[in-house]
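Colleague: Could you walk me through this one slowly? I am still learning how to read a fold.

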Amino acid sequence: MKVKTILVSQPEPKVENSPYFDLIDRQKVKIDFVPFIHVESVPGKEVRNQKVDLNEYTAIILTSRNAVDHFFRIAEELRFKVPDSMKYFCQSEAVAYYLQKYVVYRKRKIYVGKRTFTELSPLIKKYKNEKFLLPSTDKLKDEVPKVLNELKVTWKQAILYRTVVSDLSNLRDVFYDILVFFSPSGIESLLQNFPDFEQNDTRIAVFGNTTVKAAADSGLRVDIKAPTPDTPSMTMALEKYIKENNKK
């Protein structure tokens with residue numbers, strides 16, 4: 001079946017050169033962006049209840065831009081002046097680049113991984129005597145504590161924000177050829193909002209093994225997967241699928 005409409009369960013990209021916009025132009029498809037989940041802040045009082053004292057830590061592990069935003073939000077809320085000596089371990093270049101919103105990059109000790117958390121682990125291991133704080137959501141990937149525990153470093157998780165299901169009631173009577181998901185939380189949101197959802201001819205595209213598993217566990221048929229050796233990004237996977245199906 002041909003593909004004409006796609007719903008991406010994330011906010012619309014803010015950059016003009018997003019590959020999604022290129023995909024729209026090249027393949028003449030309609031793509032809508034609707035966040036299926038959103039983030040809510042955990043207030044300082046709740047952070048204190050987690051027995052998190054920011055003064056105790058010499059290094060911060062940052063896995064996402066949300067982690068960056070909420071670490072500095074809570075530091076301000078708790079009136080904690082982040083010392084210049086603080087070390088920052090960023091999971092990817094994108095996270096490290098975003099960190100510049102809060103710190104003067106060239107004056108800080110910033111260590112950058114490649115893409116996955118496991119790829120960041122050699123840098124953490126090199127500084128294993130630091131005391132690491134991990135600002136995170138309430139839904140932490142299993143990989144993260146596993147890697148940190150295997151490294152035998154001193155670390156603590158601080159839940160600074162929560163991932164919450166968005167209200168999608170305005171989509172009840174809207175149908176798309178492809179639904180695109182990037183996390184198990186997105187799958188959870190779909191089924192919470194539409195408990196009577198029937199996939200039928202709707203194609204499901206998923207990014208990452210945990211999302212594949214969440215979709216399969218929920219009884220959904222996964223038609224498009226990324227990353228793969230041939231399609232390392234979701235837009236590449238979508239384009240390949242569209243080309244194969246729209247020429248029929």
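This is a predicted model: local features need pLDDT of at least 70, side-chain atom pairs count only at pLDDT 80 or more; totals for chains, interfaces and linings use all residues.

Colleague: Let's start with helix H7, then. Which of its residues are buried?

Modeller: Helix H7 covers residues 184-193, and its buried residues are Ser185, Gly186, Ile187, Ser189, Leu190 and Asn193.

Colleague: And what do the buried residues of H7 pack against?

Modeller: They pack against strand S3 (37-41), strand S8 (154-165) and strand S9 (178-181), and also against helix H8 (209-217).

Colleague: Can we zoom in on Ser189? Why does Ser189 count as buried?

Modeller: Ser189 has a relative accessibility of 0%, and because buried means under 20%, this residue counts as buried.

Colleague: Which residues does Ser189 touch, leaving out those up to four places away in sequence?

Modeller: With those neighbours left out, Ser189 touches Phe36, Ile37, Val165, Ser166 and Leu168.

Colleague: Switching to rings: how many aromatic pairs are there?

Modeller: The count comes to eleven aromatic pairs. One of them is Phe21 with Phe33, whose ring centres are 6.4 Å apart and whose planes stand at 80 degrees, so this pair is edge-to-face.

Colleague: Where do Phe21 and Phe33 lie?

Modeller: Phe21 lies in helix H1 (residues 19-27) and Phe33 lies in strand S2 (residues 30-33), so the pair ties together parts that are twelve residues apart in sequence. Phe21 counts as partly exposed, at 21% relative accessibility, whereas Phe33 counts as buried, at 14%.

Colleague: What about Phe71 and Phe72, how are those rings arranged?

Modeller: The ring centres of Phe71 and Phe72 are 5.0 Å apart and the planes are at 75 degrees, so that pair is edge-to-face. Phe71 is buried, with a relative accessible area of 0%, and Phe72 counts as buried at 12% relative accessibility. Both belong to one aromatic cluster, which Phe71, Phe72, Tyr88 and Tyr102 form.

Colleague: What lies over the face of Tyr98?

Modeller: That is Arg65, which lies over the face of the Tyr98 ring at 5.9 Å from the ring centre.

Colleague: Now charged pairs. How many salt bridges does the structure hold?

Modeller: The structure holds ten salt bridges. Among them is the one where the side chains of Arg26 and Glu239 meet, at 2.8 Å from N to O. Arg26 lies in helix H1 and Glu239 in helix H9 (residues 234-246), so this pair ties together parts that are 213 residues apart in sequence.

Colleague: Is Glu239 buried or exposed?

Modeller: Glu239 is buried, with a relative accessible area of 11%.

Colleague: And where do Lys101 and Asp69 lie?

Modeller: Their side chains meet in a salt bridge of 3.7 Å, N to O. Lys101 lies in the loop between helix H4 (93-99) and strand S6 (109-112), while Asp69 lies in helix H3 (residues 65-77), so the pair ties together parts that are 32 residues apart in sequence. Lys101 is exposed, with a relative accessible area of 54%, whereas Asp69 counts as partly exposed at 21% relative accessibility.

How values were computed
Residues are numbered from 1 along each chain as its sequence is written. Side-chain values use heavy atoms; hydrogens and water are left out. Buried means under 20% relative accessible area, exposed over 50%, partly exposed in between (1.4 Å probe, protein chains only). Helices (H or I, at least four residues) and strands (E, at least two) are DSSP runs, numbered from the N terminus. Contact means heavy atoms within 4.5 Å. Rings of Phe, Tyr and Trp (its six-membered ring) pair if their centres lie within 6.5 Å; planes under 30 degrees apart count as stacked, over 60 as edge-to-face and the rest as tilted. A charge sits over a ring if NZ of Lys or CZ of Arg is within 6 Å of the ring centre and within 35 degrees of the ring normal. A salt bridge is a side-chain nitrogen of Lys or Arg within 4 Å of a carboxyl oxygen of Asp or Glu.
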